[in-house]
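Please consult the sequence and the structure shown below while reading.

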Amino acid sequence: MNVYGEEEEVDVFADNEVLACDMPASHKCNGTAGHSHDFHPCAFCDADVVKINTPDGYNDTWSAKDDFHMLRQSFYSRDAGPARREAILRDHGVRWSILNLLSGWLPSKKSVLDFMHCIFLGIISHLFMHVLFGGYMLSGMGGNESPKRRFEDIVNAVRWPSHVTRLPKNLGENQSLKKADEWRRILTITPVILWWSWRDANDEIPDTEPPLPPNTVAPDFSRNRRSLYHAILHLCMGVRILASRSISMAQARTGQSFLAHYCLECLQLRIPLTINHQASMHTAEMIKKCGPVYAWWLFAFERFNGMLERVHHNGHDGGRIELTLLQNWVQTHLIYEYLLALPADTHSFERDQINRIIKVQAQDRGSMMTQIAVYQSEAAEDNVRLPLRNAKLINLRAYGSPPGTFYLILLQYFHSLWPDLNLVSNLSCDDGTPFRANKVARALTYIRKDGIRYGCTMNRRTQADSFAFISQGRVRVPVQITALFVVGVLDTIPHVCAVVRRLVSDDDIPAMPWDLYASTLGIHVSYTELGPQEVIPVSRIECPLALIPV
């Protein structure tokens, strides 16, 4: 093919490394039987439709598909008549696919099951729609104290970070969530909201079934709240681990074992499962082949489909729609790449114009815009970006409430951070470098770390995003960010720090049903009280948090 910079055509070698689709499209492309097939519903193992609802589908007793046997039968199917093709599909679960002509193509090993469709739109949707709502686990009996009202109130009371775009609302009334992001968000708070909805007078989940609403028929499965809650904890653990941005194979196998435990416990409760449950048993193997699910799930592709749907091509018959879509696609990505590659000394006017173009295209900060912001931050030092507008110097002795509240703690912090400077108070007679209250610090209203916005309570416009988790060794600690500063003394490199107050917690807090898994689930229970102020580098800020008042 023609290559830029080369006078003659160059041989180019390529390989179809992986086919990432949702389940129906994957079966269609790789030539395997449909996911509702009686004998071959899974494209990765020999499980049949019966094993989906038996323990054999979840205890590693199945065998992997033989790709070369599938290829052989697929070529037989290409040259066979209609009756023979149906027999091959019934007996071997394959049909002809044009992909089989590619050298090195393996229909099973080079296909992956999309995590977004299988887990978020499959398993989690099944849990809420068919088990919790369809099983009358959140009925409206009881008025304002009914499980349904409790469920609605606590979901609507969650204080989410501002970068969370699709928020689940009014799930008790509107149970038709259609976006994977919505199911993804709701699962992170499921252990808390189900405990709040089902708790009794002793704040415990009853080991009983809830009463059925009038004129309803009991489902065929057990509705025991405590047993179901225990199973759901395993689901939350498995998804939390498998959806991590970085993961080891030991962690992947652990996450898959939690999913298997969830499926097995559902079977004990006689809850009917779907092919998504059985197919999820291959997630660890796919992570081994392709890396973390962030590398191959279809969130980005679904966003790109939405972008292409909005391209105006006038709808003319016989027009070159493909060329119009391609031109828009290339233009959009060149703008993004241009923004990422802007040098540090770029004029502010040029940077503002690029940002304006992106905002016009995106209209709002959606999930993909958040991901682009993460990519931008990876090119910055410590993954931290400051506001484009330079902050002004402040007088630390007059800043804060009461005035001067930050001066002493900042002096102590930077005295330890820069011991060679021997910093002393500018009102002190001791020898050393004076820490001048009006010439060393600039106050920030917010920062962006890893593409995510973090605010502070000293911001007079909004106190959004002022709560976060910080790292302390291998533990995450919830804090409220009081103030953000850029501090520089003499010719030192300016240092970005935050003044935080920890959310108070002690051993007097009652035991919660998720305590055994709290660290992995990322759930921290605390009082509304805040601890004393302390100064930390912003590099210790780990992630935002959502507040759930209970």
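## Basis of the salt-bridge assignments

A salt bridge is counted where a side-chain nitrogen of Lys or Arg lies within 4 Å of a carboxyl oxygen of Asp or Glu. The model examined here is predicted.

## E145 and R150

One of the salt bridges joins the side chains of E145 and R150, with an N to O distance of 3.3 Å. The relative accessible area of E145 is 52%, so this residue is classed as exposed. R150, in contrast, has a relative accessibility of 14% and counts as buried, because the cut-off for burial is under 20%.

## D67 and K109

A salt bridge is also formed between D67 and K109, whose closest N and O atoms are 3.3 Å apart. This pair links distant parts of the chain: D67 belongs to helix 2 (residues 67-79), while K109 is found in the loop between helix 3 (82-92) and strand 2 (111-113), and the two are 42 residues apart.

With a relative accessibility of 2%, D67 counts as buried. K109 has a relative accessible area of 47% and is therefore partly exposed.

## E209 and R223

In the salt bridge between E209 and R223, the closest N and O atoms are 3.8 Å apart. Both E209 and R223 lie in the loop between helix 7 (190-198) and helix 8 (225-242), so the pair ties together parts that are 14 residues apart in sequence.

E209 is partly exposed, its relative accessible area being 42%. R223 is buried, with a relative accessible area of 2%.

## Packing of helix 8 against helix 9

Two packed helices are described by the angle between their axes and the distance between the axes. For helix 8 and helix 9 (residues 249-268), the axes come within 8 Å and cross at roughly 155°. Angles over 145 degrees count as roughly antiparallel, and helix 8 and helix 9 are therefore roughly antiparallel to each other. The crossing of helix 8 with helix 9 is left-handed.

The residues of helix 8 in this contact include S227, H230, I232, L235, M237 and L242. Those of helix 9 include Q251, T254, F258, L259, Y262 and E265. By residue class, the contact of helix 8 with helix 9 comprises 11 nonpolar, nine polar and one charged.

Methods: Residues are numbered from 1 along each chain as its sequence is written. This is a predicted model: local features need pLDDT of at least 70, side-chain atom pairs count only at pLDDT 80 or more; totals for chains, interfaces and linings use all residues. Side-chain values use heavy atoms; hydrogens and water are left out. Helices (H or I, at least four residues) and strands (E, at least two) are DSSP runs, numbered from the N terminus. Buried means under 20% relative accessible area, exposed over 50%, partly exposed in between (1.4 Å probe, protein chains only). Axes are lines fitted to C-alpha atoms, for helices over the stretch in contact, and angles run from 0 to 180 degrees between N-to-C directions. Angles under 35 degrees count as roughly parallel, over 145 as roughly antiparallel, 65 to 115 as roughly perpendicular and the rest as oblique. A crossing is left-handed if the near helix is turned anticlockwise from the far one by less than a right angle, and right-handed if clockwise. Contact means heavy atoms within 4.5 Å. Ala, Val, Leu, Ile, Met, Phe, Trp, Tyr, Cys and Pro count as nonpolar, Asp, Glu, Lys and Arg as charged, and the others, Gly among them, as polar.
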